[in-house]
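Reader: I would like a close look at a single part of this model, taken with its surroundings. Please keep to what can be computed from the atoms.

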Amino acid sequence: MIESKIKSTVRDVPDFPKQGITFKDITPILKDPALCQEITAALAGRLKGLDIDVVAGIESRGFLFGPALAQLLNVPFVPIRKAGKLPYKTVQQSYDLEYGTATIEVHEDALLKGQHVLIHDDLLATGGTVVAASELVKQLGAEVAGYSFIIALEFLNGKARLTPYSDNIFSLAAY
Ligand code: PRP
Ligand code: MG
């Protein structure tokens, strides 16, 4: 089963990036191409029946599987990046971190009005990052078709922050 394979491959790193946080390190997954293919197929499998025009992935770990997922779905991939990285005109959205704020952005011509956008990231924690990504989608007049994650940290209740945008929230491994 994909969930147990993911859980047995992900490496828990205690006290990273700071004391008391256990980091879910997905780099061991990347060393296993068969598992990577299985994960991409499983991500796509959960989306059957959804109307998806574009996959938007969030820098940086949303870039690991986002493009592969988009290719499997045969739709474009759009990078949502941390502020200051995209070369062309952008729209921006800030969100709160535990200390301070962060800003992500997307090219202003990355999405067309009314397009159905699947937002992909490696991991759902508090949901702050994907809420900001959802606001970027809305700023460009597109719609959130759903969310796809490899891992969801359900004890942080991030899902509740996403339902105002879409009820289609999928993850392969839950903690
Ligand atoms: C991590 C993770 C998600 C986000 C989840 O990214 O990859 O993008 O945090 O947290 P949230 O649900 O509480 O917003 P991070 O900002 O650490 O950057 P990275 O992907 O560049 O490593
Ligand atoms: Mg990230």
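Author: The model is predicted. Helix α5 runs over residues 128-139. Its 12 residues reach 17 Å from the first C-alpha to the last, close to the 16 Å expected at 1.5 Å a residue. Just after α5, G141 takes a positive phi of about 80°.

The buried residues of α5 are T129, V130, A132, A133, S134, L136 and V137. An α-helix has 3.6 residues a turn, so residues three or four places apart point the same way.

One of these buried residues, T129, is also among those that come nearest to ligand 1, along with S60, R61, A125 and T126. The shell around ligand 1 holds 14 residues, and by class these are 4 nonpolar, 6 polar and 4 charged. Two elements give two or more residues to this shell: α5 and β7, the latter spanning 116-124. Strand β7 gives the most, with 4 residues.

In soluble globular proteins, nonpolar side chains tend to be buried together. Here the largest nonpolar core has 44 residues, and A133 and V137 are among those with the most contacts inside it, as are A56, I80, V117, I119 and I150. Strand β8, residues 143-152, gives the most to this core, with 7 residues. As for I150, leaving out residues up to four places away in sequence, its contacts are I6, I26, I39, F65, D122, L123, S171, L172 and A173.

Definitions and conventions:
Residues numbered from 1 in each chain as written. Chains lettered and ligands numbered in written order. Predicted model: local features only at pLDDT ≥ 70, side-chain atom pairs only at ≥ 80, totals over all residues. Near = placed C-beta within 6 Å. Nonpolar A, V, L, I, M, F, W, Y, C, P; charged D, E, K, R; others polar. Expected span 1.5 Å × (residues − 1). Buried ≥ 20, exposed ≤ 12 C-beta atoms within 10 Å, placed from the backbone. Core = buried A, V, L, I, M, F, W, Y, C linked by C-beta atoms within 7 Å. Contact = placed C-beta atoms within 7 Å.
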